[in-house]
Amino acid sequence: MTGQDEEPRTSGAVRRWSSRMWKWWQRALETPGYERHTLLLVGKSTLAATLAWLVSYYALHAPSPAFAPFSAVLMMQVTVYQSLLQSLRYVAAVAVGVLMVSGLGFLIGSDLLAFVLVAVAGLTIGRWPRLGSQGSQVATGAFFAFSTYALAPSDSEKAAQLGQIVLLVLIGCGIGVIVNLTVAPPIRYRSAEYGLRSLSAALGDLVGDIYPVLRDNEIDSDRCGQWYSRAERTGGMITQARDGFRTAKESLYYNPRLLLRRQRGAKVSFEGYGAVLEALVRALYQVTSLTRSLHQWTERERRLDDGAFFARYADFLECVSRITDVLAGIDEDSLAEQSRELGGHVDRAQDAARELAEEAARSGLPLADPARPYGALMVEANRLMGEFLHTRDVLKETR
């Protein structure tokens, strides 16, 4: 009776656990952004590892079946292109390690000296640039192969097990690539959008701190120095944004989802995002130049001597801040509406730039005097205006 009661209890517990896990996954898949992509990657990796284990353990009866699921999970890269590229490098790295072990093992045996030679050779070959991030797998594959070789009872068994390691790696890599190719292959629009958002937010925060101070004529050297330092520290954000865009563009290569998007008439190019990203990068450089001019001048002068000009300049920078607010929330699903909103802010920025130029002409400011900031500020304002006009036009074409 105890055994009969135990089995229904166990089955009920499994059913309850399965039900809870299914509900958790349903809630998790409704989570937007990074969390959803992470959960999808976990699910795909689990599927690839399970299939690789089934093939290696139940079909091949391999004595070391873990090579296959390990390889499958390792190939679950962010993009299909990276999965293909890294699988080729990984198979090559492991094959080199296994061949090295087989050669040294049959020549000098499997003693400590042989292991030292395997380690030195594997770590040296692993530094070959063509293997990229998979270079370390030469030594890893060699170490696993050496342990398998040392434990095998005969030469024929040694050769068979070393060959099986390469076969398992091939199986794991193949399954990993196939799963990544067929199960929700990623198109990384969010990576491109994140780069635009981060740069826009950084630019908007900086400009948003500058224009109220200019309008109130409360500028001083310390504040300008802080602005200049903040602008110079955006280099890391620019690099990260460009890396995200590169990943997004790379996700289009060999991606079968492109066919479905083309059938629905959707755009499958990131060129528009790339153009906007580079415009934002240039805008950050121009704001850096602007803050440097202000900082250098306020180190020599204690106050602004033309409040009307800087009030107009503040109006222009406020319009720039509104533009960056739109770009900081850019989203593929709302691009048409955001493009129209951006166009309105760009038109207002043009009006503010025109009023700024008129004020500079009316006041007779020494724009050509390099010791004064007016000329540099006008140049940077015109350049900023040009970048946002370009951004508006690009987003219109990207809709």
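Is Pro 373 buried or exposed? I started my notebook with this one, and Pro 373 counts as buried, at 2% relative accessibility. A reminder to myself: this is a predicted model.

**Around Pro 373**

I placed Pro 373 in the loop between helix 14 and helix 15. I then listed what Pro 373 touches, leaving out residues up to four places away in sequence, and found Ser 293 and Trp 297. I also checked Thr 291, which is 82 residues from Pro 373 along the chain; the two C-alpha atoms are separated by 10.0 Å.

**The whole chain**

I counted 15 helices and zero strands. Of the 399 residues, 45% are buried. I looked at contacts between residues at least 6 apart in sequence, and 78% of them join residues at least 24 apart. The chain exposes about 20,700 Å², and carbon and sulfur atoms supply 57% of that area.

**Helix 14 and its end**

I wanted to know how the length of helix 14 compares with expectation. Its 29 residues should span 42 Å at 1.5 Å a residue, and the end C-alpha atoms are 41 Å apart, so the two values agree. After helix 14 comes Gly 364, and I noted its positive phi, near 65°.

I picked His 345 within helix 14. Its relative accessible area is 13%, which is under the 20% cut-off, so I logged His 345 as buried. Beyond its sequence neighbours up to four places away, His 345 touches Arg 322, Ile 323 and Val 326.

**Helix 10**

Helix 10 covers residues 235-250, which makes 16 residues. I got a reach of 23 Å from its first C-alpha to its last, close to the 22 Å expected. Which residues of helix 10 are buried? I wrote down Ile 238, Ala 241, Gly 244, Phe 245, Ala 248 and Glu 250.

**The nonpolar cores**

I went looking for the largest nonpolar core and found 59 residues in it. The members that touch the most others are Leu 214, Leu 294, Phe 309, Tyr 313, Phe 316, Leu 317 and Phe 388. Helix 8, helix 9, helix 10, helix 12, helix 13, helix 14 and helix 15 are the elements giving two or more residues to this core.

I took Phe 316 as my example. Setting aside neighbours within four places in sequence, I found Phe 316 in contact with Ala 349, Ala 352, Ala 353, Ala 381, Leu 384 and Met 385. There is also a second, separate core of 28 residues, including Ala 52, Ala 145, Leu 162 and Leu 168.

I logged Leu 47 as partly exposed because its relative accessible area is 36%, between the 20% and 50% cut-offs.

**Last entry: Gln 226**

I finished with Gln 226, which has its place in helix 9. Its relative accessible area is 51%, over the 50% cut-off, so Gln 226 went down as exposed. How far apart in space are Gln 226 and His 295, C-alpha to C-alpha? I found 8.9 Å, for a pair that is 69 residues apart in sequence.

Key
Residues are numbered from 1 along each chain as its sequence is written. This is a predicted model: local features need pLDDT of at least 70, side-chain atom pairs count only at pLDDT 80 or more; totals for chains, interfaces and linings use all residues. Side-chain values use heavy atoms; hydrogens and water are left out. Helices (H or I, at least four residues) and strands (E, at least two) are DSSP runs, numbered from the N terminus. The expected span of a helix is 1.5 Å times one less than its number of residues. Buried means under 20% relative accessible area, exposed over 50%, partly exposed in between (1.4 Å probe, protein chains only). A nonpolar core is a set of buried Ala, Val, Leu, Ile, Met, Phe, Trp, Tyr and Cys residues joined through side-chain atoms within 4.5 Å. Contact means heavy atoms within 4.5 Å. Accessible areas come from the Shrake-Rupley method with a 1.4 Å probe; for residues, only the protein chains shown count as cover.
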